[in-house]
Amino acid sequence: MENDHLTLFFKFPIMKYSIIVLAILFAPLSFSQSMKDFFSNKTQVVLLGLDFSQAKFIGKDGFASPDGLKNHAIKGWNRFFATEPGKYSLQEALGLSDKYYYNSINYFIKQNDELVDQYKCITDEPYTLTEDQIVSTISAYAPFEKQGLAISFLVESFDKTNSEANIWVVFLSLPSNEIIYKQKMKGTPGGAG
């Protein structure tokens, strides 16, 4: 098992107050109402997890085992939301009640398994997602029957060369999967890896 990859989980700045500030600064009116409901526990919130379908892993020496990356690390990073809630609880960080919070990480565990090509996603070249890639990736999500908001963490890159993760935080309106807000976040690696 690739424990060194599993311990490399990148901590990214997705805490309650940074999201609130970003939402206020950049929110259109319709999103503001959705966010008001979101933070007052009046709407369903679905955590989709980490979407690696467009991700690049920069620094070939740091990601030396493509099969370990796909079969262990990528799955493990998503499972952290469920298996290590003390460290990675979005529900706790955002103050969401059990009644309005739904964890759907299995969706991305399955999708990442189907869409990630472990031999093409590791590179030494810099990489940035385009607006078109973000929109087309989100529009390909399967429809969800729930009403409310979904949160997807669309991973752009885990970069060992520069010791950073680049992840798009995307809020979606359910069940339409319409993007109502997105913001790129950067973080630094944590753990023994």
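This is a guided tour of a predicted model, moving from the whole chain to single residues.

**Before selecting anything**

Residues are numbered from 1 along each chain as its sequence is written, and side-chain values use heavy atoms, with hydrogens and water left out. Because the model is predicted, local features need a pLDDT of at least 70 and side-chain atom pairs count only at pLDDT 80 or more, whereas totals for chains, interfaces and linings use all residues.

**The whole chain**

Colour the chain by pLDDT, the predictor's confidence in each residue, from 0 to 100; the average is 79, and 76% of the residues score at least 70.

A cartoon view shows eight helices and eight strands; helices (H or I, at least four residues) and strands (E, at least two) are DSSP runs, numbered from the N terminus. Of the 193 residues in the chain, 49% are buried, where buried means under 20% relative accessible area, exposed over 50% and partly exposed in between (1.4 Å probe, protein chains only). Among contacts between residues at least 6 apart in sequence, 76% join residues at least 24 apart.

**Helix α8**

Next select helix α8 (residues 131-139), and within it I134, T137 and I138, which are buried. They cover an arc of only 95° around the axis, which puts them on the same side of α8; the arc is that of the directions from the helix axis to the C-beta atoms. On the other side of α8, D132 and S139 are exposed. Displaying the strands as well shows that the buried residues of α8 pack against β2 (45-51), β6, β7 and β8.

D51 is buried yet has no salt bridge, the nearest side chain of opposite charge, K70, being 12 Å away. Here a salt bridge is a side-chain nitrogen of Lys or Arg within 4 Å of a carboxyl oxygen of Asp or Glu, and for charge Lys and Arg count as positive and Asp and Glu as negative, while His and the chain ends are not counted. The side chain of D51 does make a polar contact with the side chain of Y141, at 2.7 Å; a polar contact is a pair of N or O atoms within 3.5 Å, and within protein one must be able to donate a hydrogen and the other to accept it, with residues adjacent in sequence counting only if both atoms are side-chain atoms.

V155 lies in strand β6 and counts as buried, at 0% relative accessibility. Its contacts include L50, D51, L129 and I167, and its C-alpha atom is separated by 8.0 Å from that of A165, 10 residues apart along the chain.

**Backbone stops in the loops**

Most residues other than glycine have a negative phi, and most peptide bonds are trans. Select S163, in the loop between β6 (148-159) and β7, where phi is positive at about 50°; S163 is partly exposed, at 38% relative accessibility. Continue to the loop between β7 (164-174) and β8 (178-189), which holds P175, and look at the peptide bond from L174 to P175, which is cis, with omega near 10°. N177 is found in the loop between β7 and β8 as well; its phi is positive, near 60°, and N177 is buried, at 8% relative accessibility.

Note on methods:
Contact = heavy atoms within 4.5 Å. Lists of a residue's contacts leave out its neighbours within four places in sequence.
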